[in-house]
Amino acid sequence: MTMNAPSYSIPGSTPVAKAAASAPEPADAAASATAQARSVGEVLEGSQVEAVLAELDADLVGLVPVKARIRDIAALLVIDKLRINLGLTSQAPSLHMCFSGNPGTGKTTVALRMAQILHRLGYVRKGHLVSVTRDDLVGQYIGHTAPKTKEVLQRAMGGVLFIDEAYYLYRPENERDYGQEAIEILLQVMENQRKDLVVILAGYHDRMETFFQSNPGMRSRVAHHLDFPDYSVPELLHISSKTLAQQNYRFGPGALEAFEQYLGLRIAQPQFANARSVRNALDRARLRQASRLFADRERVLTADDLSTIEASDILASRLFSSGTT
Ligand SMILES: Nc1ncnc2c1ncn2[C@@H]1O[C@H](COP(=O)(O)OP(=O)(O)O)[C@@H](O)[C@H]1O
Ligand SMILES: [Mg+2]
């Protein structure tokens, strides 16, 4: 690829080729707060990025390797900021990422936090996340794909474009597949407009790997690969208590143990989706709690009654009788 103006240039954004000629300009207030910084402490103070890292740590259970990688990336960006301030670099770093892991392992949740971190450090202007799948990018008919992909890129400019199950863009079994056109546009924009857009590709680990094998151009533009492991049962239980607490509910006597039993059965089922399955199971438990309380018209219900998920609300799941959720 040459340094000429990109053939796919999204309006309202600064192509890298142009920005590289002069010193990089602070994208916005977040960046200007750190423009004079000479120490790590000053960048952290100016950007408030530590608050996001601390929230990430506190809000998300487990994910130890992911959290460590995010700290590494944040450190890299902070040092890069100091290098920019001293004129040691003017290149926008490549920040495109791949989040691989099974469903419900926290990829979307972490991507939102990543967008915040990038924004606070001034690497993206707005810090919003646009989440899409193949259908949002690829058209059904000839000529429909480029406008669709460009419209999505336009919306994502200044933030993070999260492409879920990104491998569906590539369908080798169909040689005329329009997905290829979307990939080519993405590749150009990922290269030429990386100062204004970060792309995160997400999906199952194996399928992402196969996708990168067939699309080396995509692999070469993705700088950071983060693996999201499945949660352990203790982590899933921790997530369940935390989720309930956020909704002002809690487990009554024996309910946590019942939920642990439930998880043991649920994990063995097809379509188990980690923290998402926990969330859905708790939604159903709240429905059963409501039906249980609803049945007694005369009873005065205390705050305690209204916030307690009883063991029976869990054990009434069909998983215990028929083997389905
Ligand atoms: N580590 C975690 N701690 C607490 N809740 C989590 C955690 N990981 C995921 N969740 C919750 O599980 C649900 C699914 O997570 P999500 O980020 O959508 O997973 P993915 O994108 O990998 O499918 C969300 O409601 C999220 O809040
Ligand atoms: Mg997701």
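Predicted model: local features only at pLDDT ≥ 70, side-chain atom pairs only at ≥ 80, totals over all residues.
Altogether, 17 residues surround the ligand, and the closest are Gly106, Lys107, Thr108, Thr109 and Ala275. If you look for the elements that give two or more residues to this shell, you will find helix 6 (107-120), helix 12 (233-246) and helix 14 (274-294).

Now let us turn to a pair of helices. Two packed helices are described by the angle between their axes and the distance between the axes. Helix 4 (residues 49-59) and helix 5 (residues 64-85) pack at about 175 degrees, and their axes are 11 Å apart. Because angles over 145 degrees count as roughly antiparallel, helix 4 is roughly antiparallel to helix 5. Where do they touch? Val49, Leu53, Leu56 and Asp57 of helix 4 meet Lys67, Ile70, Arg71 and Ala74 of helix 5. By class, this contact holds five nonpolar residues, three charged ones and no polar ones.

Take a closer look at Ile185, which lies in helix 9. Why does Ile185 count as buried? The cut-off is 20 or more other C-beta atoms within 10 Å, and Ile185 is buried because it has 21 C-beta neighbours inside that 10 Å. Finally, find Thr145: it is 40 residues from Ile185 along the chain, and their C-alpha atoms are separated by 9.7 Å.

Terms used:
Residues numbered from 1 in each chain as written. Chains lettered and ligands numbered in written order. Near = placed C-beta within 6 Å. Helix = DSSP H or I, 4+ residues; strand = E, 2+ residues; numbered from the N terminus. Axes fitted to C-alpha atoms, helices over the stretch in contact; angles between N-to-C directions. Parallel < 35°, antiparallel > 145°, perpendicular 65-115°, else oblique. Contact = placed C-beta atoms within 7 Å. Nonpolar A, V, L, I, M, F, W, Y, C, P; charged D, E, K, R; others polar. Buried ≥ 20, exposed ≤ 12 C-beta atoms within 10 Å, placed from the backbone.
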